[in-house]
Amino acid sequence: MASDPRVSKPRLPKAYTDEQLIFLRSHISGFETRTRGHVRGDAKKFALDRANEFLVRFGMPEDLQGIDEAEPRFREQIYNWYKNTVGRARRKLEGRTRSKKPIEKVSGSPGHSNLTWSPNLETPTTVSYAAQSDISGQTASSSSQQQQQHVPPPQPTGHIQFSFQTNVSVPSAATLALNASPNALRDAFFTRGIDVPTLSSLIQSYVLSHPSPTPLNPIIDALFAAVTSSLNAPTASRTASNHDTIITILRRFTEACGYFPATLVHAGVSGPVAGPRALQMAIRKSSIWYPVLAPASGTTMSDEMERIAADRQKRKDYIQWAQIHGAALELGLLSFRGDYASTAESLSELMARDAVWETDEVEWVAGIFVLQSLIRTGSLTRKHEYEQLLSTYEGRWKEIKDEARQALVTEVLLSAQQDLAHMDEGRVQ
């Protein structure tokens, strides 16, 4: 009978790998948020959906393979993991940490239960597992009872509630549900398995644990890193253009901002518009170009190589910020409030008009990206202005020495010319 797989046995949760833990922890905030919601069963449904994702990504754990109803058991195991992890974190925040002293073992027959019953109960009524832990802890530490606060016996319940411990370390109180780190934020922006409410919860968890007048700055840095990772992915594994990829990430960011509460404030702006405000500030700062300057004297060959590498990376980042600038302009993220609208438009206009006259070719590349977005969002009455400015950029295209940058500008110029032609089609219609 003991070897019959149909016999249900208590199962301790398996030891998860580091990669699996990263996946599970990245969704704790979403589960915790739903436990506070008004929809009954929403948290459990969320946990079971994550269990399905786990199975798709990592497969069925070895200790459950070949067992009847393995998938339902595993889904329930994942649900219990989320429930217990969030519960422990809440108790820690509220100062209700359970006693970690071991339960005294009762000597006797092998089949004797190691549960300790309350002596105050006249009959062997079952009690909750939490009460058993407290009573057992008091018995084991009878020598120091004068220093412990008396806990009255709880009301009996209809069944014993077990809370199995795993070998997984519990996150600290400051990162209540997620180990919300810059890397986790970066991955969340382009991971399809993470829905928008979960992404928003992850952002809010990080902001709460890192308060400042501008708490969304690290979030914008993570967004930029997500764009970098997506654009650097192998071409064969990508199904969208660079521009569409950036648009998708920015749209996810905007949708996540829609869940921000009024208590989330960035640079004096609160609620859902705090995110676009943070992005606008970052774009303004990134619109100014200055190269990495070499020291006047006393440099070694190694120092010079490091400076060249840093300058090359800075040029890539500057162009990528211009691509984000253009995408944000097309999504209307730079005109999210009436009092900032004219400032945002002026910023984009000035960059596109001034960059073409600068001496560094990296500014020409950045400027053409912003100009293309201005053409896409501009009115037909300004078509002639855009044609003249685009012609000036075509002249600069011939002067670009870096082949990769010249190829970028070639693609953007051709696309911008098509956008101008579409403006003509709109006038005819």
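Which charged end sits over the ring of Phe 46?

## Charges over rings

That place belongs to Arg 50, whose charged end lies over the Phe 46 ring at 4.5 Å from its centre. Here, a charge sits over a ring if NZ of Lys or CZ of Arg is within 6 Å of the ring centre and within 35 degrees of the ring normal. Lys 314 has its charged end over the ring of Trp 289, 5.9 Å from the centre.

## About the model

This is a predicted model: local features need pLDDT of at least 70, side-chain atom pairs count only at pLDDT 80 or more, and totals for chains, interfaces and linings use all residues. Residues are numbered from 1 along each chain as its sequence is written, and side-chain values use heavy atoms, with hydrogens and water left out.

## Aromatic pairs

The structure holds 7 aromatic pairs (rings of Phe, Tyr and Trp, the last by its six-membered ring, with centres within 6.5 Å; planes under 30 degrees apart are stacked, over 60 edge-to-face, the rest tilted). Phe 31 and Tyr 82 count as stacked because their ring centres are 5.6 Å apart and their planes at 25°. This pair links distant parts of the chain, 51 residues apart: Phe 31 is in helix H2 (residues 28-35) and Tyr 82 in helix H4 (residues 70-93). Helices are DSSP runs of H or I, at least four residues, numbered from the N terminus. Both Phe 31 and Tyr 82 are buried, meaning under 20% relative accessible area with a 1.4 Å probe, protein chains only. Together with Tyr 79 and Trp 81, they form one aromatic cluster.

How values were computed. Helices (H or I, at least four residues) and strands (E, at least two) are DSSP runs, numbered from the N terminus. Buried means under 20% relative accessible area, exposed over 50%, partly exposed in between (1.4 Å probe, protein chains only).
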